[in-house]
There are 2 protein chains.
Amino acid sequence: MSGLAGRGRDALAVVLVGDELLLADVVDVNGVWLGRRLAEAGLRVVSTTQAPDDVAAIVTAIRRALMDAPSVIVTGGLGPTSDDRTTAAIAAMSDTATSIPNPVGSAAGIRLQQADGVVYALPGVPREMRAMAEASVLPDVLSRAGDLPVTRRRSLRLVGLTESAAAARLVPLEDRLAHDRGATIAYVPSPGEIEIRLTVRRDADQAAAEAALQTYMSMAAEALGPAVYGVDHDSLAAVVIRTLVRNRITCATAESLTGGALGAALTDIPGSSAAYRGGVVAYATDLKHRLLGVPAYHLARRGAVDKTTAIVMAEEVRMRLAADFGVATTGVAGPDEQEGKPPGMVFVAAAGPDMAPVANALLLTGDRGTVRRRAVVHALDLLRRAVLGLPMESPAAPRR
Amino acid sequence: MSGLAGRGRDALAVVLVGDELLLADVVDVNGVWLGRRLAEAGLRVVSTTQAPDDVAAIVTAIRRALMDAPSVIVTGGLGPTSDDRTTAAIAAMSDTATSIPNPVGSAAGIRLQQADGVVYALPGVPREMRAMAEASVLPDVLSRAGDLPVTRRRSLRLVGLTESAAAARLVPLEDRLAHDRGATIAYVPSPGEIEIRLTVRRDADQAAAEAALQTYMSMAAEALGPAVYGVDHDSLAAVVIRTLVRNRITCATAESLTGGALGAALTDIPGSSAAYRGGVVAYATDLKHRLLGVPAYHLARRGAVDKTTAIVMAEEVRMRLAADFGVATTGVAGPDEQEGKPPGMVFVAAAGPDMAPVANALLLTGDRGTVRRRAVVHALDLLRRAVLGLPMESPAAPRR
């Protein structure tokens, strides 16, 4: 059964106002942010409702929300134009309304005390909603709720392991979590990566929650080894850039199927200019010879989608661009095959000082965009491992 | 007042079941798809609720939804595991339940006839939900609703104009739409681009809706001129690749601040290898000389972020990579200034046969990622205009 249901003092209901939400003309960022932030604060969101810009519909949604929970957060409909109806709805229900200050904008919020709970109406502008929720609403809800269970959550970020391979290594941890009713583990995959989310809930004991979480994080990190590239909000590209900068090492990229996406991922990180020199996108096969010196006879005999081609690309780009490390991608993104090789066949290679060049042969699943994203992730991971002197995963492992 | 409110025969309410939605652990794709698809079919979504995996909570949500609308679509909670509770909720309410076939998966849906309406329960797996909604639910809802107003919607996609500049050109169209109560226009901006959405609603007259929409589309396209790069689901990169392939023209990219993102955008399009040769990412300043022949004295005197630098990059990359057209980006992505130039200062240039090279100086707003995305859009647009021989927008226009 759900741990979320039921009208307890830690329950909270959300009402999101706006025709544009029901028409899906805009993406609901406020509901997502509130869901995460409130869970983090130890509160349970027991219902979330989208209502149109209509006074009667908003009043109905708020009345229902008050049946679900003693605290209700309403977002949207506080603006000055004719389609902003929340203020009128609140006025129609009004017992005792006070205003909620807005530190970053002009529209104040409204705090409405009702017999069965408190309604907090906030603007729909995400930046203002967040600032007001943090500054005024959360502290008020938490003080009204009294001592709540404490929830702490952290993540490990993995690359180069399948979900089942990661789960196999975490069997001892899972066994231990089975005896802790307040702890959960979740696997959240994205192309080429997995986030392992550990959550610990303890009754009003922050130190106990944090100590348990730290123990579980250590167990997981040890079991997973070098597949763990970071924690919490780290991104693989940011970790690579951070590692390069810290070690005063530079890199360059040679790309075929990723078409520039590997360089784009690295330069997305502020400060990357201290570590990333540049790259060559040799998309047409003859450019692999012309710009990167892959021998023409090799390209003619073995093709562009080939392990040796990838290694030469990595070696040459590091020499020609005067970088410490070179990293290369070549492969078939799809949807069509190429050189008789299937979509998803990809080679990534890395070369650097004091090491023999390394390459991985991959067979990646997914559509064109997914194959390209996974190729970028594998290339970044190969560079990370080469720079840190970590063992490479076996080529079979990253297949998923 | 909202056109969405009220319990008419074209009203529909949505209930999304799952703890993971309330915790915002997953993104709600089903609600978004249903909102768009149902609006397209002429139905009004009058409320959308997220409920936890709990029988009582699901029953409450469905009962409320039936107060809002005579048709209710429930997604999620139909699976085989212990946290799937929708089947039990439906059983608890049951009057007359029949099963809804699933053409693409194993879990059948449930159609429940209640005194005050019909509930359609579908699996949460998006692919299955969509297939069943299309094949069974929508036809049933529409036949129960009888003759509905017909809604038709189309979009024009613009680049290189601000929202206010586009709106100024559309004043005559807006005046005309003010006299058509069934027609609306919406401006949906994204970095560097605007989507203009035209919607026409007519009472049960498809031909009238389509004729009116066509008239408004033509008026808008004529007023906006070459800023219109495509319609409906077109993307700018796809239009550029299509144009190049159709004219048997090739291109190459020379990138600095975009770091490969321009090449990545072009190669994201299937079939791009027929038009895109490759590129150079000259991120470090010395590589602009080394790989692209920008004179060292020019770089020393004027810097890398400079109009002439951009033009030389575009010219040289087309020569060195043997492409018909070259397109280049250089600028300051931020967050820090560079060469004393502020974040957002960007130059894009294009060079080709039978034309003098062209360049635009831009001052782009937004964070690092937004500046980079906008620079890519402006570079793609410059290439599109150069290839098609269209006039360039004035440098000031794209600032927003």
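The text below begins with the chain as a whole and then turns to the sheet.

The model is predicted: local features need pLDDT of at least 70 and side-chain atom pairs count only at pLDDT 80 or more, while totals for chains, interfaces and linings use all residues. Residues are numbered from 1 along each chain as its sequence is written, chains are lettered from A and ligands numbered from 1 in the order in which they are written, and side-chain values use heavy atoms, with hydrogens and water left out.

Chain A contains 14 helices and 15 strands (DSSP runs numbered from the N terminus, helices being H or I of at least four residues and strands E of at least two). Its C-alpha trace spans about 85 × 50 × 40 Å along the principal axes. Of the 400 residues of chain A, 56% are buried (under 20% relative accessible area, 1.4 Å probe, protein chains only).

An open, antiparallel sheet of chain A has the strand order E8-E9-E7-E10; two strands pair if DSSP finds at least two bridges between them. Strands E8 and E10 of chain A each have a single partner strand, so one side of each lacks a neighbour in the sheet.

| Edge strand (chain A) | Residues |
|---|---|
| E8 | 183-190 |
| E10 | 228-231 |

Strand E7 (residues 149-159) of chain A pairs with E10(A) over three bridges in the antiparallel sense. A:Val228 in E10(A) is the bridge partner of A:Leu158.

Key. Buried < 20%, exposed > 50% of the residue type's maximum accessible area, 1.4 Å probe, protein only.
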